[in-house]
Amino acid sequence: MPLARRTFLTALTSLAGTTGAAVACSGSGSTADGAPTPDSPAIKAARRLLPGHWKQLAFTTSGPADTFRISAGHGRITITGPTPAVQLTGLRHYLKHSAHANITWAGSQLNLPDRLPGVDKPVTRSANAPHRFVLNDTNDGYTGAYHDWSYWEREIDVLALHGYNEVLVYVGADALYHRVFQEFGYSDKEMREWIPAPAHQPWWLLQNMSAFPHPVSRQLLAERAALGRRITDRLRELGMTPVLPGYFGTVPPGFAAKNPGAKTVPQGDWVGFTRPDWLDPRTEHFNRVAATFYRVQDELFGASTMYKMDLLHEGGKPGDVPVPAAAKAVERALQTAHPGAIWVILGWQSNPPKAIVDAVDKSMMLVVDGLSDRFTKVTDRESDWNDTPYTFGSIWNFGGHTTLGANTPDWAALHEKWRTKEGSTMRGISLMPEAADNNPAAFELFSELAWRTGDLDLTTWFSDWSVSRYGAADPHAAAAWDILRRTAYGTTRADEWSEGADGLFGARPALSAKSAAAWSPKAMRYAPADFEPALAELLAVRRDLRGSSAYRRDLLDVARQALSNRSRVLLPRIKQAYDDRDTTRFDRLTRTWLGLMDLLDKLMATDSRHLLGRWVADARAWGADAAERNHLAYDQLSLLTVWGTRAGADAGLRDYANREWAGLVGGLYRLRWETYFKELRSALTEDRPPKAIDWFAIEDAWIRDHRKPGRLATRPTGSTYKVAVQVRERLTGTR
């Protein structure tokens, strides 16, 4: 166990009895003479983010809610705000607009002068709404279930910089359920067998599945509880709200047998998995479980004022339980434990139905809308949810796909219009890509919606972004981002999608493949030929602006996307050659296909955050012994590939989380396509139909082999710039 986690785990015992009330943000980030106060939460964050310049910053805690003020004097930049998080939001505004610097969750640029530039006059900005919610229920799976504190500390700092004040926290919920149901007749062993491994836990918390792929250990539960407590404490320290899972009725198998008189409702299946039963919320048994749940949760993680619950999510069955009565009972249990707390619920598919929102106190509910920029039929959320407060939300990423892009024209056209219309119940924004740490331009643009008013000119915004992203104005950078604005970031919900099309290199092989994931766009949402010139423009950015991780990340993303897009051009040509029985052309095109995959893998191997080996190593680091390390690596790898069981994979979950990472593209994906092309070629030679291939068997065997140590690279190799040049040259030669 890493020392930092072990040390904190030891300290958890003393924390377990605390209430976890929000840390008061009193006092100042500077002394009377203007010198920085080293123990101020904002100063601590600034020291982590700007180690060479933090002493030139001062933070003062005062002023109206959600408002920051930036001024200069006495050789320092002073930022005033009511909480450390708001102060950090002011810091990001200063870095972007005055210092031309950039910090995101996917690359940063901090080419700052020794002395920070001043500001001509004080700058004041206020949030236009109280709720700035971030992270999807699936985040702890698709972004990475095995991140440690060093990751979360940085992530929280970046979220605070970007103005978020409500963060979904699921880490440690496994330990919570483990303790709760031991008070209702279950053994330690039964609970550990029911709770899924961390990468699959989000769907268990959504009541979709359980018990996969291996039982969890007591040591793992304790470590995750410790990390969850550390995350929630840091959020409170910064004046942010941890949004915790609430209790809405999920129970382990056999609850009624262990608790006579309890009424449970079977929930059927979800894409090849058996769903956990639902405990009737109208009953006294539910009241007792809910009271225990919130008591233990407070002991482990402290109390909050916001709790996430998605009643009857994605096909949940109420049976003979009236939905309004169930909603009232769930709300009553929450309010009994935490008077005044807000029930946060996802706006997704047909949820929440009016039967739920009309049954509860609407002032105590917040719908975080996942479809604001997805469907054209979404025009009047006040009517859809009968004036329940809601947030304008986006899910631009599904499954952690590496696809670049977002429906930014919809954000510009709809957010301000919906916010300011008469009778609007919009109360903020909700950023909910299924995986975080991607699409940094979209991340920054969407975050700023909550801190601006008036029309949003995307041409100007992307031009300004190119300056702060790389540190100075450059005509090639501006041209590159204008191309991206018109292509990957120029899509709209007119086609009823909110994410870009994934690449076909990651699809289970078929000449008719239209997408890698079953629930992804079946065609490009912009012209690939219009996108490719962005790569040449980025390569031409002047040398002194190429040194940041921001530049390298953008170059990697654009080169990768250009290669990925070519798969959709090439596959129909391969199909035509096969259909024409033109073996010479088939051989040439399939060699080109595999060559592009090799180049893509080489490109992604230049960046540490795009290594499958790092993903596996993160999981293995949490294991107490060799067996557990292999189990956790399987948990992590299976999510990206087969997802779960053979039945689930065949039902459509396979490759839902496909991504173009080194080790995955050059490993499993290449193995599949090479196997497929060899079989097609043999079929042509032998004048017979191609034989069926058991893809799940190939995939599962590959996972089980590559979960072991030493099978995958964990360190980057090569130069992103040099390989991107090779990508441009290869694409130019294979049109």
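Reader: Is Asp655 buried or exposed?

Author: This is a predicted model, in which local features need pLDDT of at least 70 and side-chain atom pairs count only at pLDDT 80 or more, while totals for chains, interfaces and linings use all residues. Residues are numbered from 1 along each chain as its sequence is written, and side-chain values use heavy atoms, with hydrogens and water left out. Buried means under 20% relative accessible area, exposed over 50%, and partly exposed in between, for a 1.4 Å probe and protein chains only. Asp655 has 1% relative accessibility and therefore counts as buried. Asp655 lies in the loop between α25 (646–653) and α26 (664–686); helices are DSSP runs of H or I with at least four residues, strands are runs of E with at least two, and both are numbered from the N terminus.

Reader: What is the phi of Asp655?

Author: Phi of Asp655 is near 60°, a positive value in a residue other than glycine. Gln349, also not a glycine, has a positive phi of about 55°. Gln349 sits in the loop between β16 and α13 and is exposed, because its relative accessible area is 54%.

Reader: Which residue does a cis peptide bond join to Pro352?

Author: The partner is Asn351, and omega is near -10°. Pro352 belongs to the loop between β16 (342–347) and α13 (354–357). Another cis peptide bond joins Phe212 and Pro213, with omega about -15°.

Reader: At what angle do the axes of α6 and α11 cross?

Author: Axes are lines fitted to C-alpha atoms, for helices over the stretch in contact, and angles run from 0 to 180 degrees between N-to-C directions. The axes of α6 (residues 173–180) and α11 (residues 284–301) cross at roughly 130° and come within 9 Å. That makes α6 oblique to α11, since angles under 35 degrees count as roughly parallel, over 145 as roughly antiparallel, 65 to 115 as roughly perpendicular and the rest as oblique.

Reader: Which residues does Ser304 touch?

Author: Contact means heavy atoms within 4.5 Å. Apart from residues up to four places away in sequence, Ser304 touches Thr241, Pro242, Leu244 and His338. A polar atom of the Ser304 side chain lies 2.5 Å from the backbone oxygen of Pro242. Ser304 is in the loop between α11 and β15 (306–308), and counts as buried because its relative accessibility is 9%.

Terms used. A polar contact is a pair of N or O atoms within 3.5 Å; within protein, one must be able to donate a hydrogen and the other to accept it, and residues adjacent in sequence count only if both atoms are side-chain atoms.
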